[in-house]
Amino acid sequence: MENIKNAVEALIFAAGTPIEKKYIVEKIPELTTKKLDGIVADLKKEYSGTSGIVLMEFNGKVQFGSNPRYGDMLAEILTPLRERQLSKTLLEVLATIAYQQPVTRTELEEMRGSPDDGTTRSCEYAISGLLKAGLIHVVGRKEAVGRPFLYGTTDEFLKKFQLESLDDLPDYTAVLEQLKEIYAPAEDTLFHNRTIEGETEEAAADIEEEEIPEFLEGEEFEVYE
């Protein structure tokens with residue numbers, strides 16, 4: 001093969017979805033893991049700065065995506081097609097899963113604490129929403145009574161944060177701030193503005209029933225025990 005770099009570039013582009021680096025090495029005889037790492041590094045440098053396309057690397061996979069610096073422009077154009085917004089509850093549950101995974105629904109509810117009336121704050125709505133958004137998935141079952149599902153974050157979560165692996169997670173506070181930037185930017189962008197710090201305790205407690213994200217409206221949520 002005359003130009004392996006161009007072949008790898010074309011393969012990643014044509015895949016359209018995350019592709020494992022080890023799979024690329026297996027399919028191109030001239031490649032070694034070391035050579036591929038060098039090519040990926042070169043491509044990441046080439047597709048950087050003001051380039052409209054960037055090469056993302058995460059969890060042993062690579063994928064081309066749009067440059068975040070043009071996110072506002074793309075958001076405005078794509079708003080009619082990709083309307084999204086996440087509530088405070090979903091953000092809290094997502095951040096908790098990211099740092100405590102694998103974790104069950106019951107464990108999530110215990111971590112969130114209980115309101116003044118002593119009842120447990122349900123995470124059913126949040127889990128269903130995050131599953132729908134592709135940010136978490138079921139990673140197994142816990143060896144306990146009822147064998148409840150264990151939840152963890154997905155590659156989509158890593159892509160949103162431009163992380164190569166969970167080892168690169170920043171501190172908890174930084175995650176919450178970045179979540180707000182991703183899902184609650186300025187008005188008239190892809191993700192509607194949300195005032196997380198300003199929400200009252202009453203609003204947070206009632207959010208499951210009153211604030212259904214637009215991309216989940218009309219959906220029948222399953223209950224995950």
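**Helices, sheet and loops**

In α1, residues I4, K5, V8, E9 and I12 meet L36, I39, D42, L43 and E46 of α3, where contact means heavy atoms within 4.5 Å. By class, the residues of this contact are six nonpolar, no polar and four charged. In that scheme Ala, Val, Leu, Ile, Met, Phe, Trp, Tyr, Cys and Pro count as nonpolar, Asp, Glu, Lys and Arg as charged, and the others, Gly among them, as polar. Helix α1 covers residues 4-15 and helix α3 residues 33-46; their axes are 10 Å apart and the packing angle is about 70°. The two helices are therefore roughly perpendicular to each other. Angles under 35 degrees count as roughly parallel, over 145 as roughly antiparallel, 65 to 115 as roughly perpendicular, and the rest as oblique. Axes are lines fitted to C-alpha atoms, for helices over the stretch in contact, and angles run from 0 to 180 degrees between N-to-C directions.

The model is predicted: local features need pLDDT of at least 70 and side-chain atom pairs count only at pLDDT 80 or more, whereas totals for chains, interfaces and linings use all residues. Residues are numbered from 1 along each chain as its sequence is written, and side-chain values use heavy atoms, with hydrogens and water left out. Helices (H or I, at least four residues) and strands (E, at least two) are DSSP runs, numbered from the N terminus. On that basis the chain has 10 helices and five strands.

Next comes the sheet. Three strands form an open sheet in the order β1-β3-β2, with antiparallel pairing; two strands pair if DSSP finds at least two bridges between them. At the edges are β1 (19-20) and β2 (53-58), each of which pairs on one side only. Strands of a sheet pair through backbone hydrogen bonds, either parallel or antiparallel. Strand β3 (residues 61-66) is joined to β2 by six bridges, and the two run antiparallel. Within this pair, V54 has G65 of β3 as its bridge partner, and E57 stands opposite V62 in β3. On the β1 side, two bridges join β1 to β3, again antiparallel, and E20 has K61 in β3 as its bridge partner. Five of the six residues of β3 are buried, where buried means under 20% relative accessible area, exposed over 50%, and partly exposed in between (1.4 Å probe, protein chains only).

Helix α1 lies across β1, β2 and β3 and runs at about 70° to β3. Helix α3 packs on the sheet, touching β2 and β3, and its direction makes about 140° with that of β2.

N59 is partly exposed, with a relative accessible area of 43%. R147 is another non-glycine residue with a positive phi, of about 45°. It lies in the loop between β4 (136-141) and β5 (149-153), and R147 is partly exposed at a relative accessible area of 39%. Most residues other than glycine have a negative phi, and most peptide bonds are trans. A cis peptide bond joins Q101 and P102, with omega of about -5°. P102 is placed in the loop between α5 (88-100) and α6 (105-112).

T89, L90, V93, L94 and I97 in α5 meet Y125, A126, G129 and L130 in α7. This contact has seven nonpolar, two polar and no charged residues. Helix α7 (residues 124-133) also holds A133, which is partly exposed, with a relative accessible area of 29%. A133 and E156 are 23 residues apart in sequence and 9.0 Å apart in space, C-alpha to C-alpha.

Some totals describe the chain as a whole. Of its 225 residues, 40% count as buried. Among contacts between residues at least 6 apart in sequence, 54% join residues at least 24 apart. The accessible surface comes to about 12,900 Å², of which 49% belongs to carbon and sulfur atoms. Accessible areas come from the Shrake-Rupley method with a 1.4 Å probe; for residues, only the protein chains shown count as cover.
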